[in-house]
Amino acid sequence: MAQRKNMRGALRTITDHVATGLAILATVLVVAPLVAIFGYLIYKGASSLNLAFFTEIPKPEGEVGGGMANAIVGSAVLLGVASLLGIPIGIGGGIYLAEFGRGTRLANAIRFTADVLNGVPSIVMGIAIYSLIVFQQKHFSAFSGGVALGIMMIPTVTRTTEEMLLMVPHSIREAALGLGVPNWRSVLSITLKTASPGVITGCMLAFARVAGETAPLLFTALGNQFWSVDLNQPIAALPLQIYIYAISPYDDQHRLAWAGALVLIALIVLAVSLVRYVAGRGILKGAS
Amino acid sequence: MGVGIEVTNLNAWYGANHTLQDINLPIPANHATALIGPSGCGKSTFVRCLNRMHETNPIAKVTGSVRIGEIDIYADASPVEVRRRVGMVFQRPNPFPTMSIYDNVASGLKLNGYSNRRALDEIVERSLKHAALWDEVKDDLRKKSGASLSGGQQQRMCIARALAVDPEVLLMDEPASALDPVSTSKIEDLIFQLKSQYTIVIVTHNMQQAARVAEKTGFFLNGRMVEFDSTHKIFTNPSDKRTEDYITGRFG
C-alpha cells in the first residue's frame with residue numbers, strides 16, 4: 001500500500017518536472033527568434049552605426065557614407081499622423097463597442113468590419129489610399145502615408161480597447177453610477193481609466209506593427225532622399241529607406257540597410273518602453 | 001438630514017420576470033429600516049429601485065411611485081440627480097482600483113466637477129471619520145490605492161465615499177455579507193451612529209443583524225412584501241404565519 005503510494009508520488013513528481021520542462025522549452029522557443037533577430041541585426045548593422053547615420057541624409061547614388069536622419073524624422077512624422085488618426089478613432093470605437101453598443105446590430109457590424117480590416121493586406125491598404133488620396137491630389141504625400149498607417153492601427157486599437165473595457169468589473173461601473181456620476185463621465189474617468197494599462201498596450205502594439213510597414217508607404221509617402229517634414233510632400237521613412245538600400249547593388253548601402261533595420265527596431269522598443277514608463281508612473285502602491 | 005421614503009404600488013421586472021409585485025412601504029426618516037427575506041425574494045431589486053439603479057439593466061422595467069422627501073424620483077428627477085441624493089453601499093466592497101484612498105472618497109464630488117481643494121480635504125476627512133476609518137488611513141491617504149486596504153476597510157471606505165456626496169438616504173445592500181465578524185460589527189456600529197443623520201435602508205441575510213441595527217423591518221417573500229412593522233414586533237410577535245416560519249428558521 002505504502003509502496004504504491006510512493007510510486008504514484010514519484011510518477012507525479014516526474015510528470016510535474018516534464019510539464020515544467022515543456023513550459024520552459026516553449027518560453028525559450030518564443031524568445032529565441034527575437035534574440036536571434038536582434039543579435040543578427042547588431043552583428044550586421046552595428047558596425048555601420050555612427051554619428052553621420054543619425055545626422056546626415058543619404059548620399060547620392062555611388063557615393064560612400066551618408067545617413068538616414070531624414071528617414072528617422074520622416075518615420076516619426078508618419079507615425080505621429082498615424083497615431084493622431086488611429087488612436088482616437090480606435091479608442092472611440094472600442095468604447096462604443098464595449099459601453100454603448102453592446103448587443104446592437106451596429107456594434108456587431110463594426111466589430112466584423114474591424115476584424116476584416118485587420119486582415120486586409122497592407123499592400124491593399126496602400127493601393128486604396130493611393131486611389132483615394134494620392135490620385136485625387138495628384139501627388140504623393142506624407143499625409144497620405146500617415147493616413148494609410150493610421151487606418152491600419154484602428155482595428156487593433158478598437159478591439160483591444162473593447163476587450164480591456166469588458167474586463168473592468170461591473171461592480172466598479174455600479175459604484176460610479178451609484179454616486180450620481182453621469183454615464184459618459186463614468187465611462188471616461190472610471191472604466192477607461194481602470195482599463196488604461198491594457199488600452200495603452202493595445203495602442204503600442206498597433207504602433208509597433210505599423211512602424212515597420214513598408215508596403216502601404218510605397219505609393220503614398222513614396223520616400224524622399226532629401227530633408228522634408230512637409231505633410232504635402234513625399235517623405236522619407238526608415239522601412240522605405242531600408243528597402244531601397246537593401247535592393248541596391250552597393251555593399252555600403254547594404255550595410256546602411258542593416259543599420260537602418262537595427263535603428264528601426266531599437267526606436268520601436270524605445271518608444272514602447274517610454275510610453276509604458278510614463279503611463280506607469282501614476283500607479284499607486286497596492287493598485288491591481 | 002435624512003428624509004422619509006414613501007413607496008406606492010411599486011412593480012419591477014427583469015425581462016418577463018416579475019420580481020417585485022405591488023410593494024407599498026413607508027420608510028421613516030432618520031431611522032434604519034431592515035429588509036429581510038430568503039435569496040431571490042426581491043429585496044435587492046427593491047433597494048435598487050430606490051436609487052434608480054434597477055433601470056441600468058437594459059431589460060429591467062419599473063412602475064409605481066417612490067417619493068423621497070418631496071420628490072417623486074421616477075417623475076420629477078433624472079437618475080443622476082436621484083443617485084446624488086440616495087447613496088448606495090454594495091454587497092462587495094467596490095473601490096476604484098486606480099485611485100488613492102483620498103481620490104476614492106472624493107470621487108463622487110470630483111467626477112461631478114467639484115474642485116475646491118480645501119473643501120475637498122475637509123469633506124474627505126469628515127467622511128472618513130464618519131465611516132470610522134480616518135485613524136487607520138490618515139497617514140497614507142494619497143499614497144495607497146483604495147484597493148490595497150483590507151476588505152472591511154474597503155467597505156468602510158466605500159461608505160465614506162457614499163457619505164462624501166452628502167446624501168439624504170443611504171442604501172446598503174448586504175454591506176457586511178462579505179466581511180469577517182470584527183469588520184461586520186464595525187459596520188453595524190457605524191449604521192447605529194449614521195442613522196441620526198441619514199435615512200438608512202439595509203438589506204440583510206442575517207436576522208440578528210436586522211434585530212441589532214434597525215427600528216423597522218420588512219419581510220419580503222417571492223417578490224411581495226409580506227409584513228412591515230417595528231423590528232421588535234417582527235421578531236417577537238409577527239402577525240403573518242410566513243414571517244414567523246422564516247424567522248424561526250423553518251425555511252430560507
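This is a predicted model: local features need pLDDT of at least 70, side-chain atom pairs count only at pLDDT 80 or more; totals for chains, interfaces and linings use all residues.

Student: How many helices and how many strands does chain B have, and what is its radius of gyration?
Tutor: The secondary structure of chain B comes to ten helices and ten strands. For 252 residues the globule rule gives 18 Å, and the value for chain B is close to that, so the chain is as compact as a globular protein of that length. Its C-alpha trace spans about 55 × 40 × 30 Å along the principal axes. The answer is therefore ten helices and ten strands, with a radius of gyration of 18 Å.

Student: Which strands stand at the edges of the open sheet of four strands in chain B?
Tutor: The strands of this sheet in chain B follow the order 2-1-4-5, and their pairing is antiparallel. Strand 1 (residues 5-14) of chain B pairs with strand 2 of chain B over seven bridges, and in that strand 2 the bridge partner of Ile5(B) is Ile27(B). The strands that pair on one side only are strand 2 (17-27) and strand 5 (71-72) of chain B.

Student: And which strands are at the edges of the open sheet of six strands in chain B?
Tutor: Here the order is 6-7-8-3-9-10 and the pairing is mixed, with a twist that averages 20 degrees from one strand to the next. An edge strand has a single partner strand, so one side of it is left without a neighbour in the sheet, and this holds for strand 6 (86-89) and strand 10 (224-230) of chain B.

Student: Within that sheet, which residue of strand 8 of chain B is the bridge partner of Leu170(B)?
Tutor: Strand 7 (residues 169-173) and strand 8 (residues 199-203) of chain B run parallel and are joined by five bridges, one pair in this part of the sheet being Met172(B) with Ile202(B). Strand 3 (residues 32-36) of chain B also runs parallel to strand 8 of chain B, with four bridges, and there Ala32(B) has Ile200(B) as its bridge partner. The partner of Leu170(B) in strand 8 of chain B is likewise Ile200(B).

Student: How many of the five residues of strand 8 of chain B are buried?
Tutor: Thr199(B), Val201(B) and Val203(B) point one way from the strand, while Ile200(B) and Ile202(B) point the other way, and all are buried. Strand 8 of chain B is therefore largely enclosed by the rest of the structure, the count being five of the five.

Student: Which residues touch the most other members of the largest nonpolar core?
Tutor: In soluble globular proteins, nonpolar side chains tend to be buried together. The largest core here has 79 residues, and helix 6 (residues 151-164) of chain B gives the most to it, with seven residues. Ile202(B) touches, among others, Ala32(B), Met172(B), Ile191(B) and Val213(B). The residues that touch the most other members are Val201(B) and Ile202(B).

Student: How many residues of helix 3 of chain B are buried?
Tutor: Helix 3 (residues 101-110) of chain B is mostly covered, and what covers its buried residues includes helix 4 (117-130), helix 5 (134-137) and helix 6 of chain B. Among the buried residues are Tyr102(B), Asp103(B) and Leu109(B).

Student: Which element gives the largest share of the side of chain A that touches chain B?
Tutor: The contact takes 20 residues from chain A and 25 residues from chain B. On the side of chain A, the residues divide into nine nonpolar, seven polar and four charged. The largest share, six residues, comes from helix 7 of chain A.

Student: Is Pro58(A) buried or exposed?
Tutor: Pro58(A) lies in the loop between helix 2 (51-55) and helix 3 (69-100) of chain A. Leaving aside its neighbours within four places in sequence, Pro58(A) is in contact with Gly66(A) and Gln225(A). Because Pro58(A) has 23 C-beta neighbours inside 10 Å, it counts as buried.

Terms used:
Residues are numbered from 1 along each chain as its sequence is written. Chains are lettered from A and ligands numbered from 1 in the order in which they are written. Two strands pair if DSSP finds at least two bridges between them. Helices (H or I, at least four residues) and strands (E, at least two) are DSSP runs, numbered from the N terminus. The radius of gyration is taken over C-alpha atoms; the globule rule is 2.2 Å times the number of residues to the power 0.38. Axes are lines fitted to C-alpha atoms, for helices over the stretch in contact, and angles run from 0 to 180 degrees between N-to-C directions. A nonpolar core is a set of buried Ala, Val, Leu, Ile, Met, Phe, Trp, Tyr and Cys residues joined through C-beta atoms within 7 Å. A residue is buried if 20 or more other C-beta atoms lie within 10 Å of its own, exposed if 12 or fewer, and partly exposed in between; C-beta atoms are placed from the backbone. Two residues are in contact if their C-beta atoms, placed from the backbone, lie within 7 Å. Ala, Val, Leu, Ile, Met, Phe, Trp, Tyr, Cys and Pro count as nonpolar, Asp, Glu, Lys and Arg as charged, and the others, Gly among them, as polar.
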